[in-house]
Amino acid sequence: MKAPVLAAAARILTGASIRWVDCEPDTRQRVYFANHTSHLDTLVLWAALPEEIRDLTRPAAARDYWEAGTLRLYLATKVFHAVLIERTNITKETNPLDLVLKAMGDRYSLILFPEGGRNVGPEVGEFKCGLYHLSRNRPDLDLVPVYMENLNRVLPKGEFLPVPLLCRITFGAPLRLRENETKVAFLGRARQAVCALKEL
């Protein structure tokens, strides 16, 4: 399946409205970090980006999920060009940060879900430390918060077929790691940036 066709199908299926608040689409290298409530999150966030940005953006995704089935593996490797991350048995060769930095190089942007896994509750979960370590290694990158609304209802946990339902994707103002900012302070600020978009 061609990427533009898949992106259009995802937008039609979810009826996703896309808003950029205090942020404009740009092909510069960025990290888009979002809340995570559905297996559709990667597809829909990727599809919400303009094509010229989408072509330069790679999702970081759990290897065990995306390699479980021929279609998933095809989408991950041939359409999304995802950076497949080990969640268990991490070794020096499979260190997620090293894989992400290498995959991004000086060209590609990244989609990241800092909660680490899907959160079925109403609140955005606590962020794991990957976003902090990435920003320490690449302090030049704009980190763009994204809030994804209603996707957990389009494809609820345990369901196979999506239910058409209007969704909203909101991109917020970019942020960066501040000088001498602690991990706890940074992750709290980044999480709050995503949460604040829910109220807009």
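User: Does Cys23 count as buried or exposed?
Analyst: The model is predicted: local features need pLDDT of at least 70 and side-chain atom pairs count only at pLDDT 80 or more, whereas totals for chains, interfaces and linings use all residues. Residues are numbered from 1 along each chain as its sequence is written, and side-chain values use heavy atoms, leaving out hydrogens and water. Buried means under 20% relative accessible area, exposed over 50%, and partly exposed in between (1.4 Å probe, protein chains only). Because its relative accessibility is 5%, Cys23 counts as buried.

User: How many disulfides does the structure hold?
Analyst: Cys195, at 14% relative accessibility, also counts as buried. A disulfide requires a pair of cysteine sulfur atoms within 2.5 Å. The number of disulfides in the structure is zero.

User: Why is helix H2 (residues 41-48) largely enclosed by the rest of the structure?
Analyst: The buried residues of H2 include Asp41, Thr42, Leu45 and Trp46. Helix H2 is largely enclosed because the number of its eight residues that are buried is eight.

User: In which strand does Ser109 lie?
Analyst: With a relative accessibility of 2%, Ser109 counts as buried. Beyond neighbours within four places in sequence, Ser109 is in contact (heavy atoms within 4.5 Å) with residues including Arg28, Tyr32, Thr57 and Met104. The strand that holds Ser109, residues 109-112, is E5.

User: How is helix H7 oriented relative to helix H9?
Analyst: H7 (residues 130-137) and H9 (residues 183-198) pack at about 110 degrees, with axes 9 Å apart. Axes are lines fitted to C-alpha atoms, for helices over the stretch in contact, and angles run from 0 to 180 degrees between N-to-C directions. Angles under 35 degrees count as roughly parallel, over 145 as roughly antiparallel, 65 to 115 as roughly perpendicular and the rest as oblique. H7 is therefore, relative to H9, roughly perpendicular.

Terms used. Helices (H or I, at least four residues) and strands (E, at least two) are DSSP runs, numbered from the N terminus.
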